[in-house]
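Biologist: I would like to learn how to read the interfaces in a model of several chains. Could we go through the terms one at a time?

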Amino acid sequence: MKFKRLLIATGLSVFAATSVMASSVPHAEPWTAKEWLDAKRSMPQGDIDKGKLLAEQGYCYSCHGVEGNNPTQSTPSLAGQNAVYTYKMLSDYKSGRFYVDHKSHVMVHLMQYYDQQQMADIAAYYAAQPLPHGEYISKDVEVDPTIIRLVAKGDTSRMIVPCASCHGAHGEGGMNETPALTGMSPRMFIRQMNAYKDGTRHNDVNSGMAQFTKDLTDEEIQALADYYAQLKPRGAQ
Amino acid sequence: MKKTLLVSLISVSALFGMNSANASGALIPADKFAQDPQIPGKMLGDNCSACHGTLGRFYDESMPPLAGIPRDVFIKLMQDFKNEVRPSIVMNHVAKVFTDKEIERMADYFAAQADRPWKEENVLEGAQ
Amino acid sequence: MNTLSRRELMKRFGAAGLSMGLFGASKEAWSKTAPHIVIVGGGIGGVSAAKYLRILDKNVKITIIEPNLEYVFCPGSNEVLNDFVSIEDLTVNYENIKSRYAVNIVTDLATDIDYAGKRVKTKANGFISYDKLIVAPGPDYKFGDIEGYSKQLAEGDFPHAWKAGPQTMKLREQIHNMPKGGVVAISSPPMPYRCPPAPYERASFVAEWLSHHNPTAKVLILDSKNSFTFRKHYIDYWTKKRGFGTKEAMIEWVPAEKGGRVTQLDAANKTLVTADGERIQADVINIIPAHTAAKFTHDTGLSQGNEWVPIDPMDYRSMVDDDVYVVGDATESSPMVKTGYLASNHSKAVAQSIVNSFAGKPPVQPLYTNNCVALAGEDYGMTITDTFRVQNGKIVKQYGHQSTELDNDALHHIRASLAMNWQRAFRRDIFE
């Protein structure tokens, strides 16, 4: 709706974002901490080989790249991603908890055809692939020291905890369902941060992520995006 | 004279066209067109705009923007589609019609486009 | 062949003409020598031409002559019938094209071309001079092919709704108000016509609405053809969802060889008559008439007495005059089908050719793709990828592929999502 108003305000042709048959998107209440813990406990053990087959047959590569390594910027690479995060995201698409805008449509519909075991298999397969890196670095990116400080130490004046405390010192993710951020496309990063900020993304338990985004400036978000795009996974050359 | 000839040729092809509306045709390999005059990168690339945006610059749709993609990345992606390295929904069938040179020209074209959303573009910048 | 010679054309128009002073209104300070490109028709072909010309050249004057103040996109308009989208979602005006691309919009109807004087005659604004003329008028309908049918009836109780707009809304209203257990009869035209899968997409969306609101109603497709684009997909979907082929079928399809060709409308009795003389009464009658190139192209000699306008496929230049181009559904472009996607790509070739000609260069070698989508429901999409090249002045179909998989529901659903994404991106590529 915001999108539509914005277009009208700027006098551009009006093509409503509502024209995507939104009626068919499932609706679920946001996670409570207990519900998510229960869901996580009942996550099946994933089978990597079955997951590989599902990824190939399910046309995942079409958008997410060969073996989950995608160099374009509108869909994420999945290789090396934390299995719990991938599993949660697939579940959240299925339940409608993750429906940011019309771009979520493909995944929301696709996931209706997958069960928990299959989601766990796909998540296990992608988690077993090496984390990609270095795909989005533009040559002149220089990391601002204040951003390194924000990542490593946080900002107590704004109650922002260090990014690294959940997402890892090398951005490899892993604390609970927190995703790997290393090597992520900057556009993807910014889009997600803004979606947390404006509330369109709210599948984080207890606003665990959204709360930190409210006080970040656009410049900081951009700088964090650039930082994670250039970060190397542990042990990478 | 030239034009009259063209019209009669077109009429013949029209007859075939009537029957072809329902058929998936065989691929004429791209190399069969390698001796034709070159199709410039812009002509090739502007065929992509309905899905990927004007000059490859829609950033808020499911199909990825193409503007600003590094040349080698674009070539790798298209070659993978062309050779069916990655199973895909539409792009295999889009990519397999192009010669390697055409893919390279498209790569140059998209690498040269500004990496920002089309809706921000001031089209008349520089108008007199 | 019925070619209008230049001399005949001269005779028709004479040497005298009105001087034109239309462009005092333009805010852009175009230089006096700036070439003027005039475009007849503000649909997909015409607006693409204007936009892509402006991207290539900031210094030419561009004018679109279009009688309507708004344009309603045809792609997606079948989904208005079951309220998946609203007509407002598909409607645009010309403000953006005017302000962002500095295109003059003349709200008027072009009626003739003075080739010798390089002027277009309009209904209300006299003559408009051009250096290059692009004609993008779309198709017109051959009402006469079905006895008893007419433009007046189409604008009244028997909408064809084959140009999205008020007729689409009328058809929607008729379907929504149909008595319980009623019949919607769709007469599907012979090739070639605009958007080949669309009659079947329409039947699918009508049935979708009926399945929720009028489950004993039926959709009857009476076809002037023996097959159709995406037939396997549609039959698959209808079989799985609409009881196709059973007694309870909500959709029935009658090919021409089984007596499906409609030849007559008995409007007073809401009855269609087929070639076999069978009379079929229906509660809602939707005749999609056979097509021909727009009347404007016949009136101006561009069609040279043919059903469709012959063009040079290198750059869609007309055969009548080197400074006149014709694009889109009105053209003889076989083996291409008639789609908006192709119309917009014709226009890109024209824009490039015109800019080249100002620079004294020949047109570039073109490529025309048709990468389109169709839907059977919100959970079932289809895709087509066609590629055309030009060799020795002929259009060669290098490749044509239609999605074929039948037993992959997830894939159908992805394609449906992609189709809707495509519709939106396509509209934006033309008008944003």
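Modeller: A salt bridge is a side-chain nitrogen of Lys or Arg within 4 Å of a carboxyl oxygen of Asp or Glu. Here the side chains of A:Arg187 and B:Asp115 meet in such a bridge, at 2.6 Å from N to O. This is a predicted model, in which local features need pLDDT of at least 70 and side-chain atom pairs count only at pLDDT 80 or more, while totals for chains, interfaces and linings use all residues. Side-chain values use heavy atoms, with hydrogens and water left out, residues are numbered from 1 along each chain as its sequence is written, and chains are lettered from A and ligands numbered from 1 in the order in which they are written.

Biologist: How many salt bridges does the rule find across the interface of chain C and chain B?

Modeller: The rule finds four between chain C and chain B; one of the bridges joins B:Glu61 to C:Arg428, with the closest N and O atoms 2.8 Å apart.

Biologist: What area do chain B and chain A bury between them?

Modeller: The size of an interface is often given as the accessible area lost when the parts come together. Buried area is that loss (1.4 Å probe), summed over both parts. For chain B and chain A it is about 1,600 Å², with 60% from carbon and sulfur atoms, and B:Ser62, B:Arg86 and B:Pro87 lose the most area on the chain B side, together 33% of what that side buries. Chain C and chain B bury about 5,700 Å², 59% of it on carbon and sulfur atoms.

Biologist: Which residues are in contact, by number, in chain C and chain B?

Modeller: With contact meaning heavy atoms within 4.5 Å, 73 residues of chain C touch 62 residues of chain B.

Conventions: Buried area = accessible area lost by both parts, 1.4 Å probe.
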